[in-house]
Amino acid sequence: MVKGLYTAYTGMVEEQRRLDVMSNNLANATTAGYKKEGATNAAFRRQLALRIRDSGSFMFARGMGDIQQGDKVGETYTDYSQGSFKVTDEKSNLAIGGDGFFAIAYTDKQGNSSVKYTRDGEFTVDSQGYFRTGNGDYLLDMNGATSGQISEANFVRVDPLQSYTVDPEGRIWQNNTAVDQVGVVDVNDTDYLAHYGENLYDLVNGGSVTQGANYQIEQGALETSNVNVVDEMVSMITIQRAYEAGAKMIQAEDETLESAVSQVGSVS
């Protein structure tokens, strides 16, 4: 019976973790470039149950069969599938069609700078002509994105007093001259990307980037989140029912234990 309590408990913990992932997806359903997450479940290793103090089978305890120890969240994963485009008609808004990520020169609160990656192309152009994120970080050009070198020379910049266009390869044109190119890179394996926060990804040890090959830049548009709100709500209902089933199982086990203690214990 105690094993039943533990099994139900592990199931409830797993469903709670899955609910947290779903809630985060729904919270970012309107975040540009956000990629939804999912969670898988994994069972604990099955073990052979033996009779206690039973040596009737050649001095060995008799087996009662395998028992399940419960389950847990196996891992969380990110769905990098393409989101739909939303036209904004803002020249500084850029959307990536296909593979790849924008490279950002990110500066944390301690003043440390590093390269982060994102699909969020909601940029603005400041008074000096630099492309910047909503948090004020700089967009890297192709040289800075592929080399990982953060310097003012590698920040995407235009003349703010003149009109500009961005072609599908990310080249920025002013007065019929290519003045810069937006850095779009591919990651050798998305398993090496880790969520950093603020809709950014960090490249962990073993990961590397190359110049993007299979992409097109759409100017004046944003890639929306790939979260399907209806699907997430349906999944949340399923999770809630599974959680309630675990709670009822614990209640039933508790009532059984109470009966065992109060009735069996009173036998004289």
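1. In which loop does asparagine 28 lie? The loop is the one between helix H1 (2–27) and strand S1 (37–43), where helices (H or I, at least four residues) and strands (E, at least two) are DSSP runs numbered from the N terminus. Residues are numbered from 1 along each chain as its sequence is written, and side-chain values use heavy atoms, with hydrogens and water left out. Please keep in mind that this is a predicted model, in which local features need pLDDT of at least 70 and side-chain atom pairs count only at pLDDT 80 or more, whereas totals for chains, interfaces and linings use all residues.

2. Asparagine 28 is buried, with a relative accessible area of 18%; buried here means under 20% relative accessible area, exposed over 50%, and partly exposed in between (1.4 Å probe, protein chains only). Its side chain reaches the backbone oxygen of asparagine 24 at 2.9 Å. Leaving aside residues up to four places away in sequence, asparagine 28 touches Tyr34 and Ser225, a contact being heavy atoms within 4.5 Å.

3. For the chain as a whole, the secondary structure comes to three helices and 20 strands. Of its 268 residues, 35% count as buried. Among contacts in the chain with a separation of 6 or more, 67% are between residues 24 or more positions apart.

4. The largest pocket has a volume of about 220 Å³. A pocket is an open set of points, on a 1 Å grid over the protein atoms alone, where a 1.4 Å probe fits, with protein on both sides within 12 Å along at least five of seven lines, and lining residues have an atom within 4 Å of a point; the volume is the space filled by probe spheres set on the points, which are joined across faces, edges and corners.

5. Residues lining the largest pocket include Glu37, Glu75, Asp191 and His195. The elements that give two or more residues to this lining are strand S4 (71–78) and strand S16 (193–197), and the largest share, four residues, comes from S4.

6. Three strands form an open sheet in the order S12-S13-S14, with antiparallel pairing; two strands pair if DSSP finds at least two bridges between them. The edge strands, each pairing on one side only, are strand S12 (165–166) and strand S14 (177–181). Strand S13 (residues 171–174) and S14 pair in the antiparallel sense over four bridges, and isoleucine 172 stands opposite aspartate 180 in S14.

Technical notes:
A polar contact is a pair of N or O atoms within 3.5 Å; within protein, one must be able to donate a hydrogen and the other to accept it, and residues adjacent in sequence count only if both atoms are side-chain atoms.
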